[in-house]
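Here is a short tour of some aromatic rings and their surroundings. Have the viewer open and follow along as you read.

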Amino acid sequence: MGRNPAHITGELAEFKVAETLVENGCRVSYTYGQYPYDLIGDTGSELLTIQVKTATTKDGRECTYRINTDGYKPGDFDLFAGYAAPEEDVFFVPYEDTGSYYSVTYRSEDELTEYNAKRANLAADHTFPAATDALRARGDRQRERVENRR
């Protein structure tokens with residue numbers, strides 16, 4: 001019996017996200033069972049829960065990738081991580097910054113029109129450090145929720 005290709009793709013995305021977390025100084029834990037998140041990143045000072053998604057191109061447009069963020073509720077986890085396989089890159093976004101989907105572009109700001117540059121979510125701005133800084137900027141509310149999981 002063969003494996004479901006979508007499950008293989010999802011597992012590869014989780015491994016790539018875990019690799020990125022380790023490169024950013026985290027210890028990584030995997031969940032077993034039914035949880036709304038896939039990974040836990042331990043920064044040494046906080047535990048961050050992460051839902052991993054495989055990013056797909058948006059409407060066939062090169063360099064623009066999208067993750068589906070529907071079906072979750074506030075408090076389920078801290079960050080979405082999207083793996084854009086063709087770019088061999090991972091981007092991060094706090095749950096609270098998403099709607100039913102979230103898109104990023106791998107084009108540079110210089111490659112975009114002025115109109116699009118003001119509105120685009122640049123992948124370069126969606127690193128793990130940028131996402132964790134955004135969480136910390138929201139204050140102690142998020143940190144308290146994370147600390148209560150320990």
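F80 is buried, with a relative accessible area of 0%; buried means under 20%, exposed over 50% and partly exposed in between, using a 1.4 Å probe and protein chains only. This is a predicted model, where local features need pLDDT of at least 70 and side-chain atom pairs count only at pLDDT 80 or more, while totals for chains, interfaces and linings use all residues. Residues are numbered from 1 along each chain as its sequence is written, and side-chain values use heavy atoms, leaving out hydrogens and water.

## Pairs of rings

Rings of Phe, Tyr and Trp (its six-membered ring) pair if their centres lie within 6.5 Å; planes under 30 degrees apart are stacked, over 60 edge-to-face and the rest tilted. The whole structure holds eight aromatic pairs. Y65 lies in strand β5 and Y106 in the loop between β8 and α2, 41 residues apart. Strands are DSSP runs of E with at least two residues, helices runs of H or I with at least four, numbered from the N terminus.

Because its relative accessibility is 4%, Y65 counts as buried. The rings of Y72 and F80 are also edge-to-face, since their centres are 5.7 Å apart and their planes at 75 degrees. Y72 is partly exposed, at 23%. One aromatic cluster is made of Y72, F77, F80 and Y95.

## Around S103

S103 belongs to strand β8 (residues 101–105) and is buried at 13% relative accessibility. Beyond its neighbours within four places in sequence, S103 contacts K58, T64, Y65, R66 and N121 (contact means heavy atoms within 4.5 Å).
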